[in-house]
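I opened the notebook to look up a few features, one at a time. The entries follow in the order I took them.

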Amino acid sequence: MFYREAGQFKTSYKADQALMPILQDRVGLAVILIIAFAVIPATANDFFLTSIMIPFLVFSLAAIGLNILTGFCGQLSLGTGAFMGVGAYAAYKLTSIFPDANVIVMVLLSGVFSAAIGAVFGLPSLRIKGLYLAVTTLAAQFFLEWCFIRIPWLYNYNASGAIEVPHREVFGIVASGAEATPLARYFIVLGITVFIALLMANVLRGRIGRSWMMIRDMDIAAELMGIRPLRTKLMAFAVSSYICGVAGAMMVFFWLNAAEPSSYSIRLSFQILFMVILGGLGSLSGAFMGAAFIWILPVILKFVPGLMGIDLAAETIEHATFMIVGALIIFFLIVEPHGFARLWAIAKQKLRVWPFPY
Amino acid sequence: MLYDIFIDPFVQMYDMPDFFLQVLWEGFVAGILYALIALGFVLIFKASGVFNFAQGIMVVFAGLTLVGLNENGVPAYLALILTIGVMGVLAYGVERVVMRPLVNQPDIILLMATIGLTYFLVGFGEFVFGGEPKQMITEQLGLPTGSTAFEIGERGLVILQHIDIAAAVIAVLMVAALGIFFNKTRIGRALRAVADDHQAALSVGISLNQIWAIVWFAAGLVALATGIMWGARSDVSFALEIVAFKALPVLILGGFTSIPGAIVGGLIIGFGEKIGELYWGGLVGGGIESWLAYIIALVFLLFRPQGLFGERIIERI
């Protein structure tokens, strides 16, 4: 009743092929965008912006990146954290080499470096498949992490070995560095995330995206039908790493302010993989839902005992969080292995036929 | 530069044979321990097709349970028996709660479920026994602790830790026991039948659920032995999970389904890693142990995509 496409006639191919042919979808997206761009900045406090919204958006973008590789092209990757790290270090080097350049442009450019490295580590994927591919991406993860530690040029020979984000202004507004306001950071992160997400939504339904899905479903069959595996797989690796790299650069520039190699460890890779799987493989909206779940749940868990008046040591809470998150992941996998995206699809179907389900 | 890469390390090996032997021994012991972890993976993968990421954490969890029980006043041997019991309960629980509802799901979902299990076990272990590193109760368990020095040549000296020798012996015994178990017992045959074909095994009256619980229990026992050995070399804490990641290239190198593969893979990685680190690592600033194993596995994989002993992958359309 609320979600019904009956009566929405299309009079041109263009309208029929639109990204969102159904009015309700367009309205829904518009509402979400209005909330994100207007309501949240107007009402939220700094804490909400810095510790929930900004990380959520950064992780969503990283999850989109991994989803392109794993969900749409079927190549399992455990090296997401390292590719994000490449983006972060590249952005750091770029801003220190070109101090006057626009920092947003630098962040977007940094993804190019991680795309190149991602494509290199994607090369074995032509010969190694499935779970075996996990080892090449793990090689990337540990090798790149080692590079972040052992190549002092990457962090400008700092004594601490960490990268610290310099003070940069964009159009007179402090965009990065410790003085940047949460609001400015939020808008930059939101803008980049929305832009890339919409771009990807279009790429994925085009020729490139469909060739990725062919490779995912069966690479030999795809090859027989004229898809070049080399080009297609490497492109998936490059695009995925580009997005992860941008997310990694945003993570340090607009959220953490400083990062050390351990920020981009294998734990981050797993976290992103969880977001993708729980959100739903092969779904962009799933990436957002997964990121929200995996990031926001521990934050909430941290405050629940306090609100209930139970006084627990920080350590105990952390351990309990680990347990609960692990248990919930298993629970959700059992209940709905296709992730939140499938739940959302089911919900939409229910709305469509409501109130007469038969 | 070329001299440093291609000639100097070999000259060193020749000049100081005692050091080289020591390195080989270190590599051997590390390789055995990697192989033990990989063995746990292989057991579960063979029987259920589940890539059990939690094996590394099970190692730590078993070690931690053992030490934790002992700290709370349980005698060492009783603690050992209790820990075996705990691993049994864990195996049954995992089979009942995690594996059974997820039958027939794609590989990656099962993999994720075991990673979820990993998180749960990390949280649970730290919740119960605390997060700080613990000393393994080597002596109470009656394991040797000293070391023996052998003289090699005129001035060389190779030091062998007794615990390492014990680890090697136990590993060999364990592999032999598993071999006998797989080939000579009724349950072992059932396990192999399940590994070959789930449906065919079901049709001749083998209970899959029972087999999975047994296999997880066997993997738990292997994890316990590994935990004791590894814990004796360094402290028991969840920092050991990094070792679990090392077992991955071992496993992939050997092939997911092969027990000999796990052993050979473990030894290759162990030797390669130590020799590479000590003779070539200095050239690039050291610490290459953290990724060398993966690169070795990667090189092998490029030539044999199914691993050294894996079954040939046949693709059909």
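I began with the hairpin of β2(A) and β3(A) in this predicted model. Two residues sit between its strands, and Phe171(A) there has a positive phi near 50°. I looked up the pairing: β2 (residues 168-170) and β3 (residues 173-176) of chain A run antiparallel, with three bridges. I found Ile173(A) in β3(A) as the bridge partner of Val170(A). Strands pair if DSSP finds at least two bridges between them. Strands (E, at least two residues) and helices (H or I, at least four) are DSSP runs, numbered from the N terminus.

I noted the ground rules. Residues are numbered from 1 along each chain as its sequence is written, with chains lettered from A and ligands numbered from 1 in the order in which they are written. The model is predicted: local features need pLDDT of at least 70 and side-chain atom pairs count only at pLDDT 80 or more, while totals for chains, interfaces and linings use all residues.

Next I followed helix α3 (residues 46-72) of chain A. It bends by about 35° at Leu66(A). The bend is the angle between axes fitted to the seven residues ending at a residue and the seven starting there. I checked burial: 19 of the 27 residues of α3(A) are buried. Buried means 20 or more other C-beta atoms within 10 Å of the residue's own, exposed 12 or fewer, partly exposed in between, with C-beta atoms placed from the backbone. After α3(A) comes Gly74(A), with a positive phi near 75°.

I moved to chain B. How do α7(B) and α10(B) lie relative to each other, parallel or antiparallel? The axes of α7 (residues 162-184) and α10 (residues 208-233) come within 10 Å and cross at roughly 170°. Axes are lines fitted to C-alpha atoms over the stretch in contact, and angles between N-to-C directions run from 0 to 180 degrees. The two helices are therefore roughly antiparallel, a label for angles over 145 degrees.

I picked out Met174(B) in α7(B). Met174(B) touches Val222(B) and Ala225(B), leaving out residues up to four places away in sequence. Contact means C-beta atoms, placed from the backbone, within 7 Å. Met174(B) is partly exposed, with 16 other C-beta atoms within 10 Å.

Last, I looked at where the chains meet. I read that 34 residues of chain A are in contact with 39 residues of chain B. On the chain A side, α13(A) gives the most, 13 residues.

Definitions and conventions:
Parallel < 35°, antiparallel > 145°, perpendicular 65-115°, else oblique. Contact = placed C-beta atoms within 7 Å.
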